[in-house]
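Here is a set of questions and answers for a reader meeting this structure for the first time. Please look at the sequence and the model before reading on.

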Amino acid sequence: MNDDTLDKPRVTVLGLGAMGTALARTWLAAGHPVTVWNRTAARAEALAPEGADVAATAAEAVSAGGVVVTCLWDDASVGASLSGADLRGRDLVDLTTGTPAQARERAAWARERGARFVSGGIMAVPPMVGVPEAGGYVFYGGSRAAFEAAEAVLSVPLATRYVGEDAGFAALYDVALLSAMTGMLGGIAQAFALVRREDVPLEDFAGLLTEWLVAMSGSATATAERLTTGDYTSGVVSNLAMMVAGNATLRRTAEEQGVGSALLDPYMDLMARRLAQGHGEEDGTGVVDLLTAR
């Protein structure tokens with residue numbers, strides 16, 4: 001197939017797990033010529049009836065042209081898969097899950113091979129791909145020129161959010177948000193564990209829990225402001241001394257309910273440590289200082 005005869009640019013997708021397949025199918029449905037490769041060839045061949053061009057090797061897929069999108073198992077898989085590919089003049093967009101350090105190292109690796117590099121952090125699950133109303137998006141960091149050249153293509157399956165020239169920032173934003181989500185899910189699990197054995201309608205309780213978490217989410221903005229200004233005490237309503245005292249009730253209630261407080265203990269221990277350092281009039285922002293102390 002000759003790209004010159006096509007209205008839309010080609011996309012090469014390496015890696016056809018659930019996410020890679022969803023991405024490839026969305027580009028195909030949008031009318032883009034798509035070249036696919038996967039270590040297990042059957043996954044690539046399954047897309048042929050939908051119009052995908054199947055490459056026998058990763059190097060062959062890269063040579064087909066267009067933006068090269070990797071969505072592989074891990075960072076090591078990216079290096080191994082592309083070891084024999086000619087990347088000169090290519091724009092490489094890596095959507096493989098990894099760390100900020102890995103993304104920066106991969107960016108340098110790509111530059112050494114003559115490619116422009118963009119790293120992505122996907123804030124979505126496969127069913128959200130190609131469904132704009134689902135709200136999924138991808139953080140992108142790295143070569144601004146490469147991102148801008150590929151943005152029209154990249155925005156087809158999921159919305160794009162460019163976070164700067166540092167290739168590590170996409171992974172950093174991704175993992176930071178996932179870390180917050182993990183903490184929230186831990187809190188939700190604790191809440192349900194506390195009420196589960198009681199005569200509490202769980203669906204009704206879920207509504208209350210959702211309302212409460214939404215109301216409390218504004219604390220993220222307040223924390224950002226305090227970290228920026230360095231003022232942890234102005235306008236504090238519930239200070240650290242009060243919160244640490246209240247934590248005793250959380251622990252005792254958990255014990256009474258036969259639940260335990262293992263999900264909460266690390267955070268509450270940090271709060272107590274900050275209080276012991278003499279910061280009772282602060283809010284909880286100082287815990288960030290403990291976590292980032294060198």
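A pocket is found on a 1 Å grid over the protein atoms alone, as an open set of points where a 1.4 Å probe fits, with protein on both sides within 12 Å along at least five of seven lines; lining residues have an atom within 4 Å of a point. Grid points are joined across faces, edges and corners, and a volume is the space filled by probe spheres set on the points. This is a predicted model, in which local features need pLDDT of at least 70 and side-chain atom pairs count only at pLDDT 80 or more, while totals for chains, interfaces and linings use all residues. Residues are numbered from 1 along each chain as its sequence is written, and side-chain values use heavy atoms, with hydrogens and water left out.

Q: What is the volume of the largest pocket?
A: Rolling a probe the size of a water molecule over the atoms shows where empty space is left. For the largest pocket, the volume is about 2400 Å³.

Q: Which element gives the largest share of the lining of the largest pocket?
A: The residues that line the largest pocket number 48, and the closest to its centre are Gly 183, Met 184, Met 216, Ser 219 and Tyr 267. Helices (DSSP runs of H or I, at least four residues) and strands (E, at least two) are numbered from the N terminus. Two or more lining residues come from each of helix 7, helix 8, helix 9 (219-229), helix 10, helix 11 (265-276) and helix 12 (286-292). The largest share, 17 residues, comes from helix 7.

Q: Is Met 184 buried, partly exposed or exposed?
A: Met 184 is in helix 7. Buried means under 20% relative accessible area and exposed over 50%, with partly exposed in between (1.4 Å probe, protein chains only). Because its relative accessibility is 40%, Met 184 counts as partly exposed.

Q: Why does Trp 27 count as buried?
A: Trp 27 sits in helix 1 (residues 18-29). Contact means heavy atoms within 4.5 Å, and, not counting residues up to four places away in sequence, Trp 27 touches several residues, including Val 11, His 32, Val 69 and Pro 157. Trp 27 counts as buried because its relative accessibility is 1%.

Q: Which residues does Asn 247 contact, leaving aside its neighbours within four places in sequence?
A: Asn 247 belongs to helix 10 (residues 240-256). At 8% relative accessibility, Asn 247 counts as buried. Its contacts are Met 268 and Met 271.

Q: How many salt bridges does a search of the whole structure find?
A: A salt bridge is a side-chain nitrogen of Lys or Arg within 4 Å of a carboxyl oxygen of Asp or Glu. Arg 251, Asp 265 and Asp 269 are linked in a network of salt bridges. The search of the whole structure finds 14.

Q: How many residues apart are Arg 10 and Asp 53?
A: Arg 10 forms a salt bridge with Asp 53, with the closest N and O atoms 3.0 Å apart. Arg 10 is in the segment before strand 1 (11-14) and Asp 53 in strand 3 (residues 53-54), so the pair links distant parts of the chain. Arg 10 is buried at 5%, whereas Asp 53 is partly exposed at 28%.

Q: Which helix holds Arg 274, and which holds Asp 289?
A: The side chains of Asp 289 and Arg 274 meet in a salt bridge (3.7 Å, N to O). The pair is 15 residues apart, with Arg 274 in helix 11 and Asp 289 in helix 12.
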